[in-house]
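Reader: I have a structure open and would like to go through it piece by piece. Can we start with the ligand?

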Amino acid sequence: MYMTEAFAPGKCILFGEHAVVFGHPAVAVAIDQGVTVNVSKSSNWTRDGLPFAPEKHPHISHLINELYNYEGPPLDITTSSNLFSTAGLGSSAALSNAFGAALSYHINSIDEVDRIKLAKLAHSAEAYAQKGRASPTDTATSSLGGCVVVSGQHVPGTKHIFDAELLTPEGLREWSINIVELPLSIRESWLVLGFTGEGSPTSTMVAKVAKLLKERPEKIEEMNAISNITKAGLTALSAGNLEALGIAMNACHERLISLEVSTQELDDLVLASRPYSYGAKMTGAGGGGCMVALAKDPKRVAQAIEVAGGKPLISRLGSNGVRIINK
Ligand code: PMV
């Protein structure tokens, strides 16, 4: 039977979470795990064997109806994921990218995925599903792959790829999407992610930081410090300096603790992984979700995370972006 299968990776933020909301740069890498979507012609619309309910799948229905204006025959859509969901690993962005790639091949049979177009469409699908508020970090990293730097303006030492904008309930927001070529020593090293088992509520945590800054304006210093750490981390990434990268990750974690977005569970997993790592920090919004370690010994880090009560995932740094895997 005629079918198309696409895969899109999840992501992990190495530096700059929360500071990016204030226009500072954030650095994310694509990870090996992600979402696979299979699309084939059918007599009825289905998702994973059940009748397709558009209101339950806003990313997919927005891509079908508004972004691709698809009017062809009904589709069987099957999805599978080896990401933890609501863990800050970008599973909804990976779903949007993988589905967008599969649908676009299904319509046009063009082998080469237009990654920039897809990143923009997937960002739009995320915004639709999240009441008009979405950062382009997850969708751009999942689409482009490798290492992506998102910022209010161009970041020196990075290559500009495209600009993104979104009209949010708070007004127009604009971002510059850039990439960094990772040297072999970085691409051959290992990250271990540790999931606390608790969801990572991004909008709640962003609101919590805004409240903290209102009550304690001096905390804005933490944002400037994170921005400097991010720049040092980028230099270490580009130079393939694992020791310096780990030091920057540890320093970033301290600043996120000071912003009150880490939790006891995240701190426990970070501390458990450090003896076998170059560095470790919470990743993403915090309040739950995941931590990430740049591992010297990935198996030992994964064991230490499990013993400390977390669920580990081992990945290379900067996996490839969205791709068609079967047609
Ligand atoms: O946990 P995540 O992957 O949703 O990361 C959120 C990152 C923030 O900087 C906290 C929010 C944002 O929109 O960039």
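**Around the ligand**

Author: A backbone N or O atom of Gly-88 lies 3.3 Å from an oxygen atom of the ligand. This is a predicted model, in which local features need pLDDT of at least 70 and side-chain atom pairs count only at pLDDT 80 or more, while totals for chains, interfaces and linings use all residues. Residues are numbered from 1 along each chain as its sequence is written, and side-chain values use heavy atoms, with hydrogens and water left out.

Reader: How far is the side chain of Thr-202 from an oxygen atom of the ligand?

Author: An N or O atom in the Thr-202 side chain is 2.7 Å from a ligand oxygen. For Ala-285, a polar backbone atom is 2.8 Å from an oxygen atom of the ligand.

Reader: And how much of the ligand's accessible area does the protein cover?

Author: On its own the ligand has 380 Å² of accessible area, and the protein covers 88% of that. Accessible areas come from the Shrake-Rupley method with a 1.4 Å probe; for residues, only the protein chains shown count as cover.

Reader: Where does the ligand sit?

Author: The ligand sits in the largest pocket. On a 1 Å grid over the protein atoms alone, a pocket is an open set of points with protein on both sides within 12 Å along at least five of seven lines. A molecule sits in a pocket if more than half of its atoms lie within 2 Å of its grid points.

Reader: Which elements give two or more residues to the shell around the ligand?

Author: Those are strand 1 (3–15) and helix 6 (202–215). Helices (H or I, at least four residues) and strands (E, at least two) are DSSP runs, numbered from the N terminus.

Reader: What classes of residue make up the shell around the ligand?

Author: The shell has six polar, five nonpolar and two charged residues.

Reader: New topic. Where is Asn-69?

Author: Asn-69 is in the loop between helix 1 (58–67) and strand 5 (75–81). Its phi is near 45°, a positive value in a residue other than glycine. Most residues other than glycine have a negative phi.

Reader: Is Asn-69 buried or exposed?

Author: Asn-69 is exposed, at a relative accessible area of 51%. Buried means under 20% relative accessible area, exposed over 50%, and partly exposed in between (1.4 Å probe, protein chains only).

Reader: What about the phi of Lys-131?

Author: Lys-131 is not a glycine, yet has a positive phi of about 55°. The residue lies in the loop between helix 3 (115–129) and helix 4 (137–144), and Lys-131 is exposed, with a relative accessible area of 70%.

Reader: Now Arg-47. Buried or exposed?

Author: Arg-47 counts as buried, at 15% relative accessibility. This residue is in strand 3 (residues 46–47).

Reader: Last one: where does His-24 lie?

Author: His-24 lies in the loop between strand 1 and strand 2 (26–41). At 18% relative accessibility, His-24 counts as buried, and a polar contact of 3.2 Å joins its side chain to that of Ser-227.

Notes: Polar contact = N/O pair within 3.5 Å; in protein donor to acceptor, adjacent residues only side chain to side chain. 1 Å grid on protein atoms, 1.4 Å probe; cavity = no way out; pocket = protein on both sides within 12 Å on 5 of 7 lines; lining within 4 Å. Nonpolar A, V, L, I, M, F, W, Y, C, P; charged D, E, K, R; others polar.
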